Amino acid sequence: MIIRLLTGTEYNTSIVDDQRRLINNMRNMRRREKADVLKHIVNLIKNSYNVTSVDGEIYQIAYKYLNELLNSSGSSSPTLFAIPVTTATLNAYTNPTMASSSSSNQFFSASQKLSVNPSPRENLTPVSALSSITIDAAGSNSPMIASSSSITTLNLSLPTQPQQTTASIPSGYTSDKTELEEDGETSFQELYACLMQDIPKYAGNMSLLIMYSSIVLNMFIHMATFTPKAGYGKAQAREYNNKTQLQYFRSQGMHTNAKLFCALTKQQGKTGKSRLRFNPVFIKLISPPDFPEKFCQEIKKLDLKTGYPKPGEKVSSYVMTKIAHAGARENNFSTITHALEMAVSNNQGLRENDALIQNLQRVLKPTKHITALEPNVLIGRSLELLQRFKKLSHNIFPQPNLSSKLLRVRFERVNMLREKAMQANLQKITLDSSHHPITCLLIRLYPKCNINNSTYKEGITNILLSMFAALLNFHTKKSGIQIHTERRQSFGPLRPTITDAGNLTIRLSLGTEPEFFDEVILQSLVELDHLLRIFDFENPEKTDPSVKLVLSHKPKAPEKTTSNKKTDTHIRNSVRGDNNTLTSFQQAEAYLHNALQSGSQDYQAQGMRAYLTDYVIARKTLPIPEHVNVYTGPILPIPACTLALLNNTLLYALDFVKQLKILDNHQPLEGLMHCFYHSLLKLYNNCSAAQTLLENIEKIETTEFYRKATLYTENILEYLISLDGLAQIHAIRTNNYNDPIIALRNTELNYCSRVLEIPSEQLELYFTDSGQQAITTTLLTLSTMLHGPAADGKYYDADVHLFGDTYYEVGSFFDDVKKEGGIKEMRVIEKAKIVMADVTQLHQLPLEKCHAMKALVIDITHNPDYSNEQLRMLVRNIQQRENKVWIVFVESSLKHQQLGLDKYQTGRIMTLSPSPEFVLTEEARDIFSSISNEAMHPCIASFLQMVNKIGHQKLGDNNTQINQLAIDSLPSYSLFSQNSESAASSSSNASLRPTVLPQKSER
């Protein structure tokens, strides 16, 4: 083997020392250089065998050859020439004896011409250390080479035109969890054990101790952003082992918040119909005489402090659904705080500290134990940690405007998936295109089906949802791609999540996973479409026998309606409840995996058939497959948005620690030093691991980087929240406290004013407990503020028109009250004084028809980015109208505004007055302000401001020089490539294409 370097030095295989030197040079090549060499080897194979398309097996051959070359000792050369023409190349290559003796495999003949050059149109990136590669096989005695004596050389000439790309040489995957990759249960229990040590010694203000205890308990409840899967991210063991999902807080009867609240306050009753506190100010808003008596008659029976019925009262099972539609519950942090306050107040003569720890230990016993340390030891170790933090240096600038770019990369992926799905000619599936822009893929099953009963809404939708998720997870596991799709009712996490979204509709929320995952989505959609044709639920009389069997099977205990008619079906019953929902999700994958193991060619259909008959009907469960194959596919791009997010999070953490004042003058934190030391240690470990990951980005397989990067991002944020709470306690003690609610409000108002070019005096910002509360509060308040005289001389509330597809609970709320007077829905948009639309529907909103409109309410939950050009144009147009129109932005801040963590349930309202002289009425301002003061807590505000600082978008840090330095600091993996030619050329190969986003100026 001979390889000539740029220096002109020629290394000959007969000289062992020279070959070792050569191999060392190749081992030191950068990630992209190795990727380019691999692409040249692939092209050599492709052209030599006249292969029209390059599949994964050819990449496996090339990658195996390159690895053999780099791992060889220098005494022998790897062989390249025994590559069969058939697709069974991998088996032939990994078994030389079989390859040389098999008559089915065709090898190079001695007369074949083996000198090939890559096509100029491919414009491959040159290897900086190499100008050409010449591989000489003469004299080799490998059993894989047929008639090799006449083979002289294979020559690859490398082009000189560079192409920007990001790629990784795959590395072996090990599923062994490191110390940092412990599950969420372990993370919580360690911090909880520290809290148990600190509480008895705490001597400060009890409200501050309760505040910090609430932070720790919230970590217990909201640590997991999805149902768990070992090796893919944080999870809580109890959720997986007990098969109980951490369900979305506001709507679920069995949610951990309710159980914890009931346990801490010693409430008795069925937790299945859990009761939680309500926002007391909001309850007044939806109470008589301002609101219909019939709607409130059930709510009036409840104790607003506990959510439980008053003595002697009974409430209907539907009351909690009404409360969810109204958005009446308080946020999760306040729920925990109030539960602890009630637990301490009922101390039965105990010291407050003793009462608190007694209640905590009664409800949650620590499973971890720590060795108590003296304060001076804790201080010494903490000071040492702070010194070690100073040695962590990260020389990359923060990536600007990251918040909007994280959204935009997902918007672009959704659009691309829609376009490719159209080309796939799916027959039983359509991808909804009425929402734009959106980070979720809305998948309509049997779009022409008009069956709309509960069996289809709940049962069949969930069955097919489970099968689609099974296909996604099956293919990623089979390929060795470390991405797992989890069932989650919310959207916006860093990882893909999936749930039902109405009758025969699936919502797949995209995270920051690499773009090549989209190919898995498309493949799974095609296979699901195939299954929907075989198992045709749309035509139950003309379908597979297993479908008929499932639909005709009777449940053991059907539910009864008020008229005592049995309405349930077995298929609906089999997926109801938290346990069944999670189990069916996992079992679909297990049955698919089992069918593959049986050797069936159409294993998808066999797995579906067995899933329906053996699991849905007979409830026979299979072991959940856990094996993850080693990735051996083509080199893949590092997801730029994941990289930028980890980069910004790490930089923020390092800056946060530099500004910590807790140990100034070596004064210990009042009674909470175990918590402080533990959180600081965990933060350091994760920051150190994150920095090491970034420094070794060229040596790690792409999805392993993605998995670790998202894990470290979440871990860093968790312990930042813990330390931030302690920092707030210290600041209050030392009279250096700055209210984070004020800082958050100023940041949001200034950003909105700057981006939308609206004078600050026209803007008002209010916080709510949830997004639904923000919507309902706004509609009710504006309706009373904008009411007017009718023909009979009386005043009536303004009617509301819900345009297009709004959040489903908004329509449910109107259904609850439409027959009872008060606020009403106006079907005709021309006559409505208030129009509400989702941000994804604005491109369809006919403003020219909104003749009577006095207020436009926009739900921006799906795209909370005021720099959205479509939104800016709409605001500008409305502000220029002759008739004055209010614009109000409402949103759930639980989604994209929290980097997908789902930490704190919260919503917000931003009002834009038509002009400076137009102001909210005193009554409206009082309603908004009172609810806001009740809903927002400093800990929530501080976390949201932390996210703002990591996003580097809302704080006005748009210095041109700094931005350019940030762009230059990540030249290969940045979101911010401005080379349009490179972006265009890279689009020709989706599997190797880096994530490139166009620059968009806010100014």
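Colleague: Which residues does Leu217 touch, not counting those up to four places away in sequence?
Modeller: The partners of Leu217 are Phe188, Tyr192, Leu260, Leu264, Ile336, Leu340, Leu360 and Leu364, where a contact means heavy atoms within 4.5 Å. This is a predicted model, in which local features need pLDDT of at least 70 and side-chain atom pairs count only at pLDDT 80 or more, whereas totals for chains, interfaces and linings use all residues. Residues are numbered from 1 along each chain as its sequence is written, and side-chain values use heavy atoms, with hydrogens and water left out.

Colleague: Which residues have the most contacts inside the largest nonpolar core?
Modeller: Leu217, Phe676, Leu683, Ile858, Tyr866 and Phe889 have the most contacts inside this core, which has 136 residues. Another core, of 66 residues, lies apart from the largest one and includes Leu441, Ile498, Ile521 and Val575. The term denotes a set of buried Ala, Val, Leu, Ile, Met, Phe, Trp, Tyr and Cys residues joined through side-chain atoms within 4.5 Å.

Colleague: Why is Leu209 called buried?
Modeller: Buried means under 20% relative accessible area, exposed over 50% and partly exposed in between, with a 1.4 Å probe and protein chains only. Leu209 has a relative accessibility of 0%, and therefore counts as buried. Leu209 belongs to helix H7 (residues 206-222); helices (H or I, at least four residues) and strands (E, at least two) are DSSP runs, numbered from the N terminus. Beyond four places in sequence, Leu209 touches Ile199, Tyr202, Asn353, Leu356 and Leu672. Leu209 and Ile199 are ten residues apart in sequence, with a C-alpha to C-alpha distance of 7.9 Å.

Colleague: What makes Gln587 buried?
Modeller: The relative accessible area of Gln587 is 3%, so this residue is buried. Gln587 lies in helix H21 (residues 578-597). Not counting residues up to four places away in sequence, Gln587 touches Tyr611, Tyr615, Lys620, Thr621, Leu622 and Ile624.

Colleague: Why does His843 count as partly exposed?
Modeller: His843 is classed as partly exposed because its relative accessibility is 36%. The residue lies in the loop between strand E14 (834-838) and strand E15 (855-859). Apart from neighbours within four places in sequence, His843 is in contact with Ser434, His435, His436 and Gln870. His843 and Leu871 are 28 residues apart in sequence and 9.4 Å apart in space, C-alpha to C-alpha.

Colleague: What kind of peptide bond joins His436 and Pro437?
Modeller: The bond between His436 and Pro437 is cis, with omega at about -10 degrees. Pro437 lies in the loop between strand E5 (429-431) and strand E6 (440-445). Most peptide bonds are trans, and most residues other than glycine have a negative phi.

Colleague: Which value of phi does Asn425 have?
Modeller: Asn425 is not a glycine, yet has a positive phi of about 55 degrees. The residue is found in the loop between H16 and E5. Asn425 is exposed because its relative accessible area is 61%.

Colleague: Why does Asn735 count as exposed?
Modeller: Asn735 has 70% relative accessibility and so counts as exposed. Its phi is near 60 degrees, a positive value in a residue other than glycine. Asn735 lies in the loop between helix H25 (702-733) and helix H26 (740-756).

Colleague: How many cavities of 30 Å³ or more does a search of the whole structure find?
Modeller: The search finds eleven cavities of 30 Å³ or more. On a 1 Å grid over the protein atoms alone, a cavity is a set of points where a 1.4 Å probe fits but cannot get out, and lining residues have an atom within 4 Å of a point. The largest cavity holds about 230 Å³ of space, a volume being the space filled by probe spheres set on grid points joined across faces, edges and corners.

Colleague: Which residues of the lining lie nearest the centre of the largest cavity?
Modeller: Ser403, Ser404, Leu407, His896 and Gln897 lie nearest the centre, within a lining of 17 residues. Helix H16 (402-423) and helix H31 (938-951) are the elements that give two or more residues to this lining. H16 gives the most, with five residues.

Colleague: How many residues of the chain are there, and what share is buried?
Modeller: The chain has 1003 residues, and buried residues make up 60% of them. The chain contains 33 helices and 17 strands. Of the contacts with a separation of 6 or more, 75% are between residues 24 or more positions apart.

Technical notes: On a 1 Å grid over the protein atoms alone, a cavity is a set of points where a 1.4 Å probe fits but cannot get out, and a pocket is an open set with protein on both sides within 12 Å along at least five of seven lines; lining residues have an atom within 4 Å of a point.
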